[in-house]
Amino acid sequence: MRNAPVSIDQISSIRVCNMEAARLVATFALILVYHSGSQAAKPHIVFIVADDLGWNDVGFRNPQVLTPHLDKLAKAGVILNSSYVQPVCSPSRNCFMSGYFPYHTGLQDGVISPTSPGFVPIKFTFLPQKLKELGYSTHAVGKWHLGFCNLKYTPVYRGFDTYVGYYMGDEDYYKHTKTFDNYSGYDLRFNTSVYTEPKGKYSTRVFAERAVDIIKSHDKDTPLYLYLPFQAVHAPLEVPSEYENLYKHIQNLPRRTYCGMISALDEAVANITNALEETGLIDNLLLVFTTDNGGPYYTASNNLPLRGAKDTLWEGGTKGTGFIYSKTLLKKTGYLNTGMMHAVDWYPTFVELAGGENTDPNMDGVSQYDMLINGGPSKRKEFVYNINYKSKSAAIRYGDLKLMRGSPGSHNDWNPLPQSGEGSDVLLQEKKDKFPPYMLYNITSDPTEHFDLSAKYPELVAMMKQRLENWEKTRVPAYQPPDDPKSNPDLYGGNWSPGWC
């Protein structure tokens with residue numbers, strides 16, 4: 001049977017339909033190309049956190065400390081001279097992950113104890129959750145310390161695709177065990193499973209090797225967020241002998257071991273950056289290095305010329321050693337950035353870097369993208385050091401001025417640096433110093449906090465007290481639930497484990 005003849009109008013109609021179909025296909029292809037290109041163009045982010053690293057414990061400030069790789073990155077990037085953190089571990093990690101000051105999340109009164117069912121409330125969207133929405137592959141390696149009594153508070157349930165690390169605040173560097181309150185158990189995980197393979201292996205190496213594995217297996221067309229909170233250089237002071245032997249001239253044993261731990265961390269960062277170079281990820285990447293709090297000079301660290309130590313509101317406890325580095329993203333490099341920044345700012349900064357927007361109007365953090373990437377001014381003029389719920393001690397910053405209320409802490413001196421030939425290994429004891437109800441310092445002109453101005457400028461104290469009272473209006477009660485015997489590792493095969501809250 002012969003086909004019916006096709007009219008001119010039908011032919012024209014077919015041509016139009018074919019052209020429209022071709023346009024649709026081309027448009028769809030362009031969308032796919034654009035989408036793929038925009039994903040690839042998003043910078044990779046490597047966020048390295050050292051634990052308890054002092055202000056004066058890096059080679060670019062103190063030549064006694066051998067950190068050639070950190071020094072090279074810092075000097076080729078931007079050294080952050082006014083980047084603030086919390087006085088202790090869990091609260092700072094809360095800032096990194098939530099973008100909120102701890103007095104808004106309930107973590108203002110200290111760290112999460114191994115046997116206490118503490119956590120950051122689920123209502124706070126963690127940074128990796130936000131970055132996953134923006135197309136990122138997210139991985140965490142190292143210390144968590146943000147709650148583990150229930151799986152929902154652990155890393156892979158709060159935005160990370162994978163996790164290798166330990167849940168608590170400190171442990172043996174080789175055995176990966178923790179003893180607390182007559183309980184003792186193993187604490188190392190691969191995602192949610194107990195990870196026993198690294199038993200006997202130094203944690204700095206374990207975490208660096210895991211980071212290198214992630215980097216080498218990563219698809220370059222997918223943006224990467226790698227969060228690397230090392231155990232180093234938190235107590236206990238332990239390090240392989242080859243690193244400690246770099247400091248034979250230091251007779252003070254804790255200081256010698258501690259400096260060796262820093263050099264082991266430096267080597268780990270070198271191995272990670274080498275992997276980034278080999279894979280090409282470093283060509284479109286921002287690397288951030290920061291401590292989580294000031295150094296505990298009562299063990300072995302040093303914060304000179306700053307006053308105070310970890311767990312104090314002095315600058316030595318809260319001004320964090322840090323820098324940023326990038327081969328391609330930074331418009332200005334090789335300088336000391338003095339712009340005011342706080343740990344809560346990393347969250348919105350990374351989101352902007354990833355091409356997203358911060359849709360949380362209550363977040364304490366502000367994006368410092370322009371300051372860090374372009375060398376522009378800081379968007380921050382003030383911040384809260386902390387507002388302790390139980391003791392009522394507090395500190396705030398407004399411009400040059402810092403107001404402190406109550407006791408700043410128990411280690412309030414300018415601890416000298418151990419020198420060659422110093423043989424004393426005696427740890428410094430806490431002092432019960434007495435302080436006036438309020439102290440006022442000009443941090444710009446007096447960064448080492450030698451001169452309390454409260455008596456000389458009562459009107460400034462009154463103004464700052466009013467600002468503190470305004471901040472306090474939004475505080476929430478500290479959440480520090482009592483110890484729970486259900487946390488006993490013996491109930492979980494000798495492992496510190498979720499499942500008891």
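Okay, let's start at Thr318, which sits in helix α8, the stretch covering residues 315–318. Keep in mind that this is a predicted model.

So, is Thr318 buried or exposed? Thr318 has a relative accessible area of 0%, and the cut-off for buried is under 20%, so it counts as buried. What's packed around it? Leaving out residues up to four places away in sequence, Thr318 touches Ser83, Tyr84, Val85, Pro87, Gly294, Thr312, Leu313 and Tyr385. Its side chain also reaches the backbone oxygen of Trp314, at 3.0 Å.

Side chains of opposite charge can pair when their charged atoms come close. How many salt bridges does the structure hold? The count is 21. I'll walk you through a few of them.

Here's one: Arg93 with Asp51, where the closest N and O atoms are 3.3 Å apart. Arg93 belongs to helix α3 (residues 89–98), while Asp51 is in the loop between β1 (44–50) and α2 (68–76), so this pair ties together parts that are 42 residues apart in sequence. Both partners, Arg93 and Asp51, are buried. They're also part of a network of salt bridges, in which Asp51 and Arg93 are linked with Lys143 and Asp292.

Now look at Asp52 and Lys310. Their side chains meet in a salt bridge at 3.0 Å, N to O. This pair links distant parts of the chain, 258 residues apart: Asp52 is in the loop between β1 and α2, and Lys310 is in the loop between β11 (285–291) and α8. That's the α8 we began with, the helix of Thr318. As for burial, Asp52 comes out at 3% relative accessible area, so it's buried. Lys310 is buried too, at 10%.

Last pair: Lys327 and Asp283, with the closest N and O atoms 3.5 Å apart. Where do they sit in the chain? Lys327 is in the loop between β12 (322–325) and β13 (335–337), and Asp283 is in the loop between α7 (253–279) and β11, so to speak a link across 44 residues. Are these two buried or partly exposed? Lys327 has 43% relative accessibility, which makes it partly exposed. Asp283, at 41%, is partly exposed as well.

That's my tour; over to you.

Definitions and conventions
Residues numbered from 1 in each chain as written. Predicted model: local features only at pLDDT ≥ 70, side-chain atom pairs only at ≥ 80, totals over all residues. Heavy atoms only, no water. Helix = DSSP H or I, 4+ residues; strand = E, 2+ residues; numbered from the N terminus. Buried < 20%, exposed > 50% of the residue type's maximum accessible area, 1.4 Å probe, protein only. Contact = heavy atoms within 4.5 Å. Polar contact = N/O pair within 3.5 Å; in protein donor to acceptor, adjacent residues only side chain to side chain. Salt bridge = Lys/Arg side-chain N within 4 Å of Asp/Glu carboxyl O.
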